[in-house]
Amino acid sequence: MSRQLIAAGNWKMNTNYSEGIALAEQISKHSTDPKGLVILAPPFTSLQGVNEVIKDNNHVKLAAQNCHVKEKGAYTGEISIDMLIAVGVEYVIIGHSERREHNKESNELLAKKVDLVLSKGLIPIFCCGESLEIREAGTHIDFVANQLKESLFHLSSSDFAKLVIAYEPIWAIGTGVTASPEQAQDMHQSIRKLLADQYDEAIANGTSILYGGSVKPANAKEIFSKADVDGGLVGGASLKAGDFGDIIDSF
Ligand code: PGA
């Protein structure tokens with residue numbers, strides 16, 4: 001996938017089926033000619049219904065918030081990649097910090113999930129980002145570099161070129177505290193430099209790198225205006241059609 005502007009809404013464990021359908025309808029109606037791609041990541045139970053709503057809108061794509069690392073079998077309560085494909089999913093969020101924290105997902109496990117998602121022809125939205133402690137210790141650049149190294153740098157150039165990266169500082173997620181546009185730009189620039197060193201300039205300049213963490217209508221325009229920020233992965237503000245619409249319009 002070549003670099004493009006993306007506004008992705010991560011609904012997390014919010015919205016029941018009918019709320020999700022209503023939200024998707026409003027966002028799809030709003031997104032007739034957006035400047036970037038709109039991606040919706042509803043809960044599993046709404047994926048099929050949301051797909052019905054958006055399937056004729058080329059500007060809006062469907063994402064899952066996670067998938068299991070195994071293709072099938074005795075994993076009670078889990079969702080496989082083929083199940084997601086069957087309901088129209090094209091993107092899968094991999095390595096969100098909430099899953100790293102609550103489900104103890106390691107860089108090593110995430111590397112396997114990325115491989116699985118790519119092998120099935122879907123696009124991983126790979127999340128990285130540091131805690132407040134690491135930010136305050138000043139080691140955030142190295143920390144994020146290591147997350148990418150351990151989960152992504154085994155990929156060939158042609159596979160790497162397909163994925164989307166989301167930088168999400170944990171201290172900014174759901175806290176109302178946003179990284180400043182300069183902090184976001186600094187990290188995105190250093191990620192791009194790392195990609196140039198590891199792969200080449202074409203990969204570095206061709207990868208969409210989203211910012212996530214308390215993106216809202218009031219700050220989206222400034223953050224998205226930064227040279228290395230290609231849009232956002234939005235949690236809370238993606239649950240209100242008006243707010244998410246304003247974020248989509250801030251490209
Ligand atoms: P937030 O969440 O926008 O509510 O901070 C972002 C995310 O976790 O993807």
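Ala, Val, Leu, Ile, Met, Phe, Trp, Tyr, Cys and Pro count as nonpolar, Asp, Glu, Lys and Arg as charged, and the others, Gly among them, as polar. The model is predicted: local features need pLDDT of at least 70 and side-chain atom pairs pLDDT 80 or more, while totals for chains, interfaces and linings use all residues. Residues are numbered from 1 along each chain as its sequence is written, and side-chain values use heavy atoms, without hydrogens or water.

**View 1. The largest pocket and its lining****.** A pocket is an open set of points on a 1 Å grid over the protein atoms alone, where a 1.4 Å probe fits, with protein on both sides within 12 Å along at least five of seven lines; lining residues have an atom within 4 Å of a point. The volume of the largest pocket is about 370 Å³, counted as the space filled by probe spheres set on grid points joined across faces, edges and corners. Its lining is made up of 14 residues, and those nearest the centre are Lys 12, Met 13, Gln 65, Asn 66 and Arg 99. By class, this lining divides into 5 nonpolar, 6 polar and 3 charged residues. Helix α4, residues 97-102, contributes the most to the lining, with 3 residues; helices (H or I, at least four residues) and strands (E, at least two) are DSSP runs, numbered from the N terminus.

**View 2. The second largest pocket****.** The second largest pocket holds about 200 Å³ of space. Its lining comprises 17 residues; Gly 174, Ser 214, Val 215, Gly 235 and Gly 236 are those nearest the centre. Of the lining residues, 5 are nonpolar, 9 polar and 3 charged. Ser 214 is situated in the loop between β7 and α11. With a relative accessibility of 17%, Ser 214 is classed as buried, where buried means under 20% relative accessible area, exposed over 50%, and partly exposed in between (1.4 Å probe, protein chains only). The phi of Ser 214 is near 55°, which is a positive value in a residue other than glycine. Most residues other than glycine have a negative phi.

**View 3. The two sides of helix α11****.** In helix α11, which spans residues 217-224, the buried residues are Asn 219, Ala 220, Ile 223 and Phe 224. These four residues cover an arc of only 125° around the axis, and therefore lie on the same side of α11; the arc is that of the directions from the helix axis to the C-beta atoms. Ala 218 and Lys 221, on the other side of α11, are exposed. The elements that cover the buried residues of α11 include α9 (181-198), β7 (209-212), β8 (231-234) and α12 (241-248).

**View 4. Gln 185 in helix α9****.** Helix α9 contains Gln 185, a buried residue with a relative accessible area of 12%. The side chains of Gln 185 and Asp 228 are joined by a polar contact of 2.7 Å, that is, a pair of N or O atoms within 3.5 Å, of which one must be able to donate a hydrogen and the other to accept it, with sequence neighbours counted only if both atoms are side-chain atoms. Leaving aside neighbours within four places in sequence, Gln 185 is in contact (heavy atoms within 4.5 Å) with Lys 226, Ala 227, Asp 228 and Val 229.

View 5. Thr 15 has a relative accessible area of 22% and is partly exposed. The phi of Thr 15, near 75°, is positive in a residue other than glycine. Not counting residues up to four places away in sequence, Ser 80 touches Lys 70 and Glu 71.

**View 6. The largest cavity****.** In a cavity, the probe fits but cannot get out. A search of the whole structure finds 1 cavity of 30 Å³ or more. The largest cavity contains about 30 Å³ of space. Lining it are Gly 95, Ser 97, Arg 100, Cys 127, Cys 128, Gly 129, Gln 147 and Glu 168. At least two residues of this lining come from each of α4 and β5 (123-128). The classes represented are 2 nonpolar, 4 polar and 2 charged residues.
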